Amino acid sequence: MTLTVTRVTLQEIALPLREPFRISSGVVQERRILLVRLEDADGTVAWGECVAGEAPHYSPETVDTCRHAIRAWLAPLMLGAPLADPAAVAPRFDAAVRGHRMAKAALEMPAWALAAERLHTSLAIRIGGTRARIDVGISLGIQATPDALAGKAAAARAAGYHRIKVKIAPGADLDFVAAARAALGPKVALSVDANAAYEPRDAEHLASLDAYGLVMIEQPLEPEDLRRHAELQRRLATPICLDESITSPARADDAIALGSARIVNIKPGRVGGFTAARAIHDVCAAHDVPVWCGGMLESGIGRAYNVALASLPNFSLPGDLSPSARYWERDIVQPEWTMDGDGTVLVPRNRPGIGVTVDLGRVDDLTVAREEIVA
Ligand code: OSB
Ligand code: MG
């Protein structure tokens, strides 16, 4: 199906979180989210979301670098000529622009939704998803005290979450993990995410986490450093999962070959979009490395893309796909994303496109900047 994108609209919103979210590299209270609206020559519209944060803590990209990359280099490539298929977007971007994967993803993913809308099919089916429901895990930010974390972990388990992940940092790790484990009992799947806060010399300290029976330790070291992750993995019983390090299919392949990761977190918005995300999924599947879908505190628009991706077959571990109400007083889509009592999210396979409707009035109310890019 030929896509002819005639208009790209960037609309930045400010969306306050219900509670501040603290990770090793900083705290977020209000999300600045760059939304992207694509319009096809036949009038079909698809909304997407850029996952970049306000500051370059998680990745080098930010809301403002993405806005610049989209405006200056990527939108002109998309608007320039008809596209044979959404699969043609990523090669066109990659041939002309190095890096800027979050900016690329912000345009590439809604191109898939646009194609799905035009075929009156769901995004999940269009990208090859097979699952109708996905197990949900929660990511708990760093709390003030181990007791506070234990309370949150127990409440999350009672709500049905299949896996509880806790953020850790030097000085907020062993006591916190011990408290969470004590509150959950030995059987509940518990993991930790360091967001690259440790150094290779912390190996012995990190090895003491083995005592808590964690399903994984996510991104302990510097993202570029695959070799030291492999050395660390040899000293740990707990599987290492990489998030920030996995930027492309080749990086995933390298990480697996080196022994740097036994589990991979795929965020389509981090790796350049669905083409790269599916290729990483396939590389991992070929090596029997399980994958799961991470989150970036997305609004209900970004969440739709993650849910669709997580319905692919090798997404065998619970995803960070919490319901809208966990993050926001009110989401910008309808219906809002929910989690059923069995701790699953329904993949909207029977609805066209992303499966939720964007609340345009609410988006306009929250908008802090808007620009249109036309051919
Ligand atoms: O490392 O997975 C991460 C949020 C912002 C930046 C990085 C991460 C996260 C999360 C939140 O863990 C996951 C979610 O969206 O609930
Ligand atoms: Mg992570």
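Start with the ligand: the side chain of Lys267 puts an N or O atom 2.9 Å from an oxygen atom of ligand 1. Keep in mind that this is a predicted model, where local features need pLDDT of at least 70 and side-chain atom pairs count only at pLDDT 80 or more, while totals for chains, interfaces and linings use all residues. As for bookkeeping, residues are numbered from 1 along each chain as its sequence is written, chains are lettered from A and ligands numbered from 1 in the order in which they are written, and side-chain values use heavy atoms, with hydrogens and water left out.

| Residue | Part of the residue | Distance to an oxygen atom of ligand 1 |
|---|---|---|
| Lys267 | side chain | 2.9 Å |
| Leu297 | backbone | 2.9 Å |
| Lys165 | side chain | 3.2 Å |

On its own, ligand 1 has 390 Å² of accessible area, and the protein covers 96% of that (Shrake-Rupley method, 1.4 Å probe). There are 17 residues around ligand 1, and Ser139, Asn195, Lys267, Leu297 and Tyr327 come nearest; a residue counts as near if one of its heavy atoms lies within 4 Å.

Next, a helix pair. Helices here are DSSP runs (H or I, at least four residues) and strands are E runs of at least two, numbered from the N terminus. Helix α3 (residues 101-118) packs on helix α11 (residues 274-286) at about 90°, with the axes 8 Å apart. That makes the two roughly perpendicular, a label for angles of 65 to 115 degrees. Glu108, Met109 and Trp112 of α3 meet Phe274, Thr275 and Arg278 of α11, with contact meaning heavy atoms within 4.5 Å. By type, the contact has three nonpolar residues, one polar and two charged.

Asp364 sits in helix α14 (residues 360-366). Its side chain makes a 2.8 Å polar contact with that of Gln11, although the two residues are 353 apart in sequence; their C-alpha atoms are 8.6 Å apart.

Most residues other than glycine have a negative phi, and most peptide bonds are trans. Gln219 isn't a glycine, yet has a positive phi of about 40°; Gln219 lies in the loop between β7 (216-218) and α8 (226-235). The Gln334 to Pro335 peptide bond is cis, with omega near -10°, and Pro335 is in the loop between β12 (333-334) and β13 (344-346).

Definitions and conventions
Axes fitted to C-alpha atoms, helices over the stretch in contact; angles between N-to-C directions. Parallel < 35°, antiparallel > 145°, perpendicular 65-115°, else oblique. Nonpolar A, V, L, I, M, F, W, Y, C, P; charged D, E, K, R; others polar. Polar contact = N/O pair within 3.5 Å; in protein donor to acceptor, adjacent residues only side chain to side chain.
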